[in-house]
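This report describes one protein model, part by part. Please look at the sequence and the structure shown here before reading on.

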Amino acid sequence: MSHGSASAGLPLKKASREGRTIVFIDESGISQRPHRVRTWAPRGVTPVLQDCFNGKTLSAVAGVTFWNFYFQLHPGPIRAPQGVEFPDALKRQVRGPLQVIWDRLPAHRSALVRRYVEASGGRIEVEFLPAYAQELNPVEYLWGYWKQHELANVCPQKFWQLGAVARMALKKMKRKPKRLFGAFWQQAELSLN
């Protein structure tokens with residue numbers, strides 16, 4: 001497991017030479033409290049959101065490649081077991097070796113994840129983004145779009161409804177035109193070439 005920086009470009013060139021699928025991975029969380037955004041209402045009528053003050057959170061993990069994205073939802077926070085579970089699921093969905101690029105979340109740097117990567121026999125290689133450089137990860141822009149556009153002002157009353165709405169929104173995003181993925185890469189200032 002390399003502790004290099006993906007910003008140098010060298011790991012990406014090496015991954016390209018080795019025929020690896022480059023996948024950026026990141027996590028985000030939502031709760032039953034709505035992600036409030038500006039909306040419209042008839043003149044003189046203030047929009048009202050009735051939300052649940054439940055403290056339960058739903059974590060989402062996603063991986064973005066040049067042509068697709070993959071996701072999983074988990075109740076509660078992301079820990080080391082989910083740091084293994086998601087790349088393991090990716091191995092089954094994406095053929096060939098993977099170049100995983102993610103942030104320095106403690107779960108990503110755990111002994112469990114390190115052992116998993118070493119046991120992959122070279123099928124998975126990992127690079128970490130530089131500290132405080134989340135803007136280099138296209139998944140950050142996917143999360144922004146998800147919350148600002150797909151989950152804006154959503155107020156589920158039950159926790160299971162939150163999961164259903166979140167999953168439906170991510171599936172809907174997967175069907176969006178490829179220019180949406182291009183926008184994520186462009187915002188991260190990463191070239192598609």
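## Salt bridges

The structure holds five salt bridges. A salt bridge here is a side-chain nitrogen of Lys or Arg within 4 Å of a carboxyl oxygen of Asp or Glu. The model is predicted: local features need pLDDT of at least 70 and side-chain atom pairs count only at pLDDT 80 or more, while totals for chains, interfaces and linings use all residues. Residues are numbered from 1 along each chain as its sequence is written, and side-chain values use heavy atoms, with hydrogens and water left out.

Asp88 takes part in a salt bridge with Lys91 (3.7 Å, N to O). Asp88 and Lys91 are three residues apart in helix 2, so about one helical turn separates them. Asp88 also meets Arg92 in a salt bridge (3.0 Å, N to O). Arg92 and Asp88 are four residues apart in helix 2, which again means a separation of about one helical turn. Asp88 counts as partly exposed because its relative accessibility is 26%. Lys91, at 21%, is partly exposed as well, whereas Arg92, at 64%, is exposed.

## A link between two helices

Which residue forms a salt bridge with Glu150? The partner is Lys172, and the closest N and O atoms are 3.4 Å apart. Lys172 lies in helix 5 (residues 159-174) and Glu150 in helix 4 (residues 138-150), so the pair ties together parts that are 22 residues apart in sequence. Lys172 has a relative accessibility of 40% and therefore counts as partly exposed. Glu150 is buried, with a relative accessible area of 14%.

## Overall build

The protein has six helices and five strands. These elements are DSSP runs numbered from the N terminus, with helices (H or I) of at least four residues and strands (E) of at least two. Read from the N terminus, their order is α-β-β-β-α-β-α-β-α-α-α.

The protein has 193 residues, of which 44% are buried. A contact means heavy atoms within 4.5 Å. Of the contacts between residues at least 6 apart in sequence, 75% join residues at least 24 apart.

Is strand 2 (residues 57-64) mostly covered or mostly uncovered? Strand 2 is mostly covered, with seven of its eight residues buried. Two strands are taken to pair if DSSP finds at least two bridges between them. Strand 1 (residues 21-31) runs antiparallel to strand 2, and eight bridges join them. Strand 2 and strand 3 are also antiparallel, with seven bridges, and they form a hairpin with four residues between them.

Ser59 in strand 2 can be followed in both directions. Gly29 stands opposite Ser59, and in strand 3 the bridge partner of Ser59 is His74.

## Gly76 in a loop

Gly76 sits in the loop between strand 3 (69-75) and helix 2 (80-93). Gly76 counts as buried because its relative accessibility is 17%. Leaving aside residues up to four places away in sequence, Gly76 touches Thr57 and Ser59. Gly76 and Ser59 are 17 residues apart in sequence, and their C-alpha atoms are 6.0 Å apart in space.

## The cavity

How many cavities of 30 Å³ or more does a search of the whole structure find? The search finds one. A cavity is a set of points, on a 1 Å grid over the protein atoms alone, where a 1.4 Å probe fits but cannot get out; lining residues have an atom within 4 Å of a point. Grid points are joined across faces, edges and corners, and a volume is the space filled by probe spheres set on the points. The largest cavity has a volume of about 30 Å³.

The lining of the largest cavity consists of Gly83, Pro87, Val100, Trp102, Val113, Tyr116, Val117, Ile124 and Val126. Helix 2, strand 4 (98-102), helix 3 (111-119) and strand 5 (124-128) each supply at least two lining residues. Helix 3 gives the largest share, three residues. By class, the lining has eight nonpolar, one polar and no charged residues. Ala, Val, Leu, Ile, Met, Phe, Trp, Tyr, Cys and Pro count as nonpolar, Asp, Glu, Lys and Arg as charged, and the others, Gly among them, as polar.

Technical notes: Buried < 20%, exposed > 50% of the residue type's maximum accessible area, 1.4 Å probe, protein only. 1 Å grid on protein atoms, 1.4 Å probe; cavity = no way out; pocket = protein on both sides within 12 Å on 5 of 7 lines; lining within 4 Å.
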